[in-house]
Structures are given as structure tokens and as C-alpha cells.
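Colleague: I'm new to this one. Could you show it to me and take a few questions?

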Amino acid sequence: WIGILVLYTVHKGQFNCPGGGLLHSYLLGLLILLASIICALSALVYISMQGTISNPGPRKSLPKILYTRLLLYFPELIWAVVGAVWVSDNSVQCEKTVINGVVGTVIASWIIIVFTIIGVVIVFDPLGGKKTFYLPDGVSRNLESSQSGQLLYNVKSSATRVWEKRIRLLCCCIVQDDDHRVAFTSIAELFRNYFSDTDLVPSDIAAGLILLHQEQDKMENCPKEPEEVLCHSPSSLVADDLDVELENAAHYMLFAAAAYGWPYYVYTNPYTALCKLNGDCCRNRPTDSDITGSDRHNFHFGSILKITGLQYRDFIHISFHNKIYEIPFFVALDHKKEAIVVAVRGTLSFEDILTDLSADCEDLTLEEVLENGFVHKGITQAANYIYRKLINDGILNQAFTIAPEYKLVIVGHSLGGGTASILAIMLRNSFPTLRCYAFSPPGGLLSKSLADYTKHFIVSVILGKDLVARLSMPNMEDLKRRIVRIVANCNRPKYQILLRGCWYEVFGGDPDDFPTELDGRNQDALTQPLLAEESLMVHRSPSYNALEEESHLNSPPQYPHLYLPGKIIHIVEECSSRRLCSSDIKYTARWSNETVFSSILISPKMITDHMPDVVLKALNSLSQEHGSCLSC
């Protein structure tokens with residue numbers, strides 16, 4: 001608007017040319033129209049800042065102003081079309097600077113209109129108020145036979161279709177087959193179940209995460225009870241075992257990181273990686289039978305060579321083939337540890353993300369386990385794919401023919417860690433001495449019986465407040481309830497929460513004491529939801545109901561509690577400064593158990609603690625520290 005005003009003021013006396021009156025009218029009309037839009041937007045911003053998230057009373061006039069802004073969109077669109085027609089009219093013979101200025105104005109108008117449309121498409125919820133009528137999964141089928149029940153059932157189905165369309169749109173760049181369609185439907189059901197019972201927008205969720213992080217930091221700053229400190233003091237035997245496993249983990253993490261190929265190598269060596277790969281890759285290429293899948297310019301294999309330090313003859317099989325439920329892996333001879341290493345790649349593509357999100361449960365049949373448990377469906381199918389390749393294609397037979405005295409070790413990071421764990425369970429009968437190192441595996445992986453069974457041969461390594469290691473549907477439901485509770489009961493406007501939260505996340509300081517409706521209530525009252533909290537929860541989602549209500553059926557709930565595999569090493573960063581730490585970060589490691597990871601922790605490092613280079617750095621630091629202690 002300011003730009004157009006300057007243009008109109010500077011060239012006010014230059015519209016006396018043929019057709020200039022049209023341009024003058026266009027600019028004047030656009031100034032008035034944009035001024036009206038700015039007033040409407042200013043009113044929207046001001047009214048949106050009133051009240052709190054759970055108290056919309058001061059914002060009751062917001063819909064009227066929103067519809068006013070929507071009505072102004074139509075004259076804005078019509079005026080942009082008129083401006084384009086006038087500018088393209090050959091009868092207009094004004095100065096070139098004037099015409100160019102008006103052309104720029106027309107282009108800017110169309111850009112604003114296009115981005116407005118895109119914004120509405122992204123933000124608009126096609127379900128609208130229908131989400132308040134969702135059926136819980138426990139509703140009897142008799143209700144669905146009635147007219148009202150059928151209506152509710154149709155709304156539920158339409159919600160699944162909406163999510164499925166969104167997922168298809170996001171994955172439009174990949175080739176879609178039957179497996180993709182099944183995965184899309186499964187993931188759409190997951191999202192529909194999770195989001196159907198809340199009345200929160202993205203900025204509400206952001207405010208909730210900020211409040212939870214500050215509340216969590218206040219709890220961490222409280223002094224610990226003596227019993228809590230003493231429980232982490234391990235015996236010397238356990239400490240020795242931990243040191244050995246940390247040294248092994250640091251060694252095998254190189255293989256897990258190498259499975260990512262050239263993206264990881266370039267990410268960790270941004271200035272020299274491409275030059276080194278261009279110079280060395282083409283000279284060390286194995287025979288075509290050793291590699292499956294696409295490896296353009298041999299960059300993946302060259303990166304694996306660089307990261308692991310192995311020779312090309314040490315590789316038995318390398319697969320870069322990547323589809324949904326089919327992830328890349330390689331098999332190599334590790335002469336230093338006398339092991340045949342199967343390294344599985346983590347999430348690096350849309351197909352891998354679909355595998356991660358296929359979070360339904362399925363049975364895993366094992367003869368020696370008394371109670372067959374449940375496993376993550378998508379990751380189990382990926383493990384089945386690698387199992388068939390290793391056994392049916394004779395890859396492991398070939399490896400043990402070359403090195404019969406070597407032991408089998410399976411490693412992976414993230415999705416690769418989860419896949420490696422389930423693959424180790426499948427191969428345990430045939431290879432009783434095998435070991436598995438799962439780095440930052442997903443939390444919702446194995447049922448309790450299977451998790452306990454794997455403690456004999458799987459070691460999971462978790463760094464800090466890694467989000468993925470705590471991801472499971474029950475944990476996500478718990479996070480949703482915590483967000484709803486703390487957001488609904490905070491008495492500050494949302495913009496204050498977001499502004500103060502951004503300052504806190506960037507610059508640190510003391511956590512804010514936001515006043516809430518919880519203050520001054522006795523403990524018994526805290527067990528009951530407040531009216532504000534109930535207003536943000538339409539009903540309890542099916543997966544949440546499964547957590548609290550005992551099922552009288554033999555079939556399991558859709559999303560039961562699943563846990564991390566094996567024995568768990570938890571690495572924690574020690575730093576004097578809570579925010580910007582120095583380069584000489586110190587880490588401590590201890591044995592932990594699955595209950596420590598039963599809740600999602602909010603932290604700026606909840607994503608970075610999952611990254612393979614950060615995990616490798618922490619393991620190397622601990623391994624070097626242990627080595628220096630031995631030398632002393």
C-alpha cells in the first residue's frame with residue numbers, strides 16, 4: 001500500500017496521456033481497496049490478541065470481521081483482473097516509468113492473491129464442526145444401522161478420506177502402487193484418530209509445547225531426592241559391562257551412519273566431501289552383482305568406504321533399493337571386531353516416512369517366547385524384506401563361507417535401528433550368538449514380552465531427550481492431554497506465551513511463571529478436568545480410550561503400549577551453560593529402563609539428539625574418555 005501511495009504521489013501529474021485516466025482510476029481504487037483490507041486485517045490481529053486460548057468470549061466478533069475480509073477478496077480479485085486488462089491495452093501511451101510502475105503493482109496484486117489462496121487451502125479444515133460428532137470406536141454397530149448413526153459413521157469416513165488426500169498430495173512425487181495405497185489409508189486412520197478429539201490450531205499446540213518446556217525445566221531445576229540419586233550409582237561389574245558396550249557401540253555406530261550414504265558424508269564434510277568422492281569413487285567399484293538399486297556416480301558406495309574405512313572387497317552385498325517397507329542395507333566383513341555386520345539405513349526418503357507412520361500393530365510369532373507380542377507393522381515388514389534377502393538369496397551363507405568364525409552383528413539408526421532389532425529377533429534362532437546395536441530406535445516398537453526377551457542380545461543407545469526414542473501412540477496421547485491441560489488453564493493471551501517462549505528458547509533465562517487456573521486448587525481437584533479443558537477436548541480418541549479402559553475382548557487395542565528393544569544405554573549431556581554450550585561437551589552414560597522413556601520431553605535438542613552425527617560424537621567422546629582413563 002505504501003509503495004502504491006508513493007507511486008501515485010510521484011506520478012500524480014503524469015496521467016494526462018492517452019489512457020492515463022484508466023491507470024489513475026486503477027491506482028486510486030487499489031489504494032482505497034488495500035486500505036480497507038489493511039483495516040480489516042488490523043482488526044483481526046487486535047481482536048485475536050484478546051482473551052486466552054480457552055476463553056474465546058472477547059473474540060466473539062472475530063467471525064464477522066473474518067467474513068468481511070473474505071468479502072473484500074472478491075473486489076480485490078476483480079480489480080486485479082481489470083488492472084491486467086488496462087495495462088495490456090495498447091491504447092495506453094503514457095511514460096514508460098509510469099506504465100512499468102503500474103505493471104509492477106498489478107503483478108504484486110496477483111502475487112498477494114495467489115498466496116492468499118494457498119494460505120486458505122493449507123489452513124482450511126474441510127471437516128469444520130463435523131469433528132464434534134465423531135464416533136468413538138467402542139460404539140455399538142447397532143447405532144450405525146440407525147439414520148443418525150449412519151450419518152456419524154459417514155462423517156468419520158470422510159475425515160479419513162480428507163487425511164488420505166492430504167497424504168497423497170504430500171507424496172505426489174513418488175510412484176504409488178498397492179502398498180502405498182494401503183499405507184495411505186492406514187496412516188490416514190492414525191491421523192484421524194489422533195486429531196479428531198481436539199479443538200486446537202497449530203499456534204495453540206506451539207503455545208502448549210512452550211509452556212510444557214518451561215514447566216519441565218522448572219521441575220528439572222528442583223533438587224532430587226537422595227533415593228533418586230542413589231539409584232543411578234551402578235556397581236563396578238555393571239560399570240565395566242557398560243564401558244565395553246559403549247566401546248562396541250562407538251565402533252558399530254560408524255556402520256549405522258555409513259548406511260545413509262552420500263547425504264550423511266556430505267552433511268558431515270560439507271567442504272571436502274564432493275571433491276573426495278569425485279576423486280576416489282570411480283576407482284573402487286565392485287562388480288555389478290554386489291550392488292542392487294541405483295547408485296548414480298557411485299557416490300553412495302564411495303561414501304560408505306570413506307566412513308567405515310573398509311576396502312571394497314570387504315563388502316558382501318549392498319542394496320540401495322528403496323520402496324515403502326523396503327529399505328537399503330549392506331553386509332560387510334568387519335575384521336577389527338571379527339564380525340559380519342548387517343547395517344540398515346534409517347529414514348531418508350518419503351517411502352521411509354510412510355514405513356515409519358504405518359504404526360498399526362501386528363503379531364510376531366516366536367516359538368521360544370511364552371507370550372507372543374505385538375510389533376510395529378511398518379518396521380516389521382521392512383525387517384521381513386531384509387530377512388528374505390539375507391536368507392533366501394544366500395547373502396549370509398556367502399558371508400559365513402568367507403569368514404565362518406566371525407559373529408553376526410546387526411546395526412542401524414532410527415528406522416534402521418528398529419528394523420535391525422526386529423530382524424535380530426527373526427534371526428536369533430539361526431544365529432544364537434548374534435548381537436544387535438540399535439541407535440535411537442523408535443519407542444513404539446515391541447510389546448513388553450518381546451522387549452524383555454531382547455535384553456539378552458540387543459543394546460539400544462539413546463541420547464538425551466531424543467524425540468523418536470519416545471514416540472509411540474500412548475506417549476503421543478499423553479502429550480496431547482498435557483498440551484490441552486496446560487493450554488486450557490493458562491490465563492495469559494497466546495501472543496504473550498509465544499513471544500516470551502521464543503525469547504526463552506533462543507536466549508534462555510528463568511522459566512516464566514504463567515498464572516493458571518490450577519493455582520490454589522487442592523490435589524483432589526486436580527484429578528478432574530476443568531471446564532476450559534473439556535471445551536478443547538471433543539471426546540477421547542479411540543487410542544486414548546484404549547489406555548484407560550480395560551478391554552473385555554480378546555483382541556488387543558489398536559495402539560497398545562510398545563517399548564524400546566533390549567537393554568538401554570542412556571547418554572546425557574553435561575554442560576555448565578544450559579543454552580549455548582562450548583565445544584568441549586561432556587557426556588555421561590548409564591543403564592536405563594523403558595519406563596524412563598514413557599513420556600515425551602520438550603527441548604530444543606529433542607530433534608538434534610536424534611541426528612546420527614550427534615550420536616556418533618557422543619559415543620566417541622565417551623569411548624575416548626574411557627580409553628584415557630585406562631591409560632592413566
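Modeller: Contact here means heavy atoms within 4.5 Å. This is a predicted model, where local features need pLDDT of at least 70 and side-chain atom pairs count only at pLDDT 80 or more, while totals for chains, interfaces and linings use all residues. Residues are numbered from 1 along each chain as its sequence is written, and side-chain values use heavy atoms, leaving out hydrogens and water.

Colleague: In what order do the 9 strands of the open sheet run?

Modeller: Helices (H or I, at least four residues) and strands (E, at least two) are DSSP runs, numbered from the N terminus. Two strands pair if DSSP finds at least two bridges between them. The pairing in this open sheet is mixed, and the order is 1-2-3-4-7-8-9-10-11.

Colleague: At what angle to strand 3 does helix 15 run?

Modeller: Helix 15 (residues 377-392) lies across strand 2, strand 3 and strand 4. Axes are lines fitted to C-alpha atoms, for helices over the stretch in contact, and angles run from 0 to 180 degrees between N-to-C directions. For helix 15 and strand 3, that gives about 50°.

Colleague: Is E76 buried or exposed?

Modeller: E76 sits in helix 3 (residues 62-87). Its contacts include L33 and I112. Buried means under 20% relative accessible area, exposed over 50%, partly exposed in between (1.4 Å probe, protein chains only). E76 has 7% relative accessibility, so it counts as buried.

Technical notes: Lists of a residue's contacts leave out its neighbours within four places in sequence.
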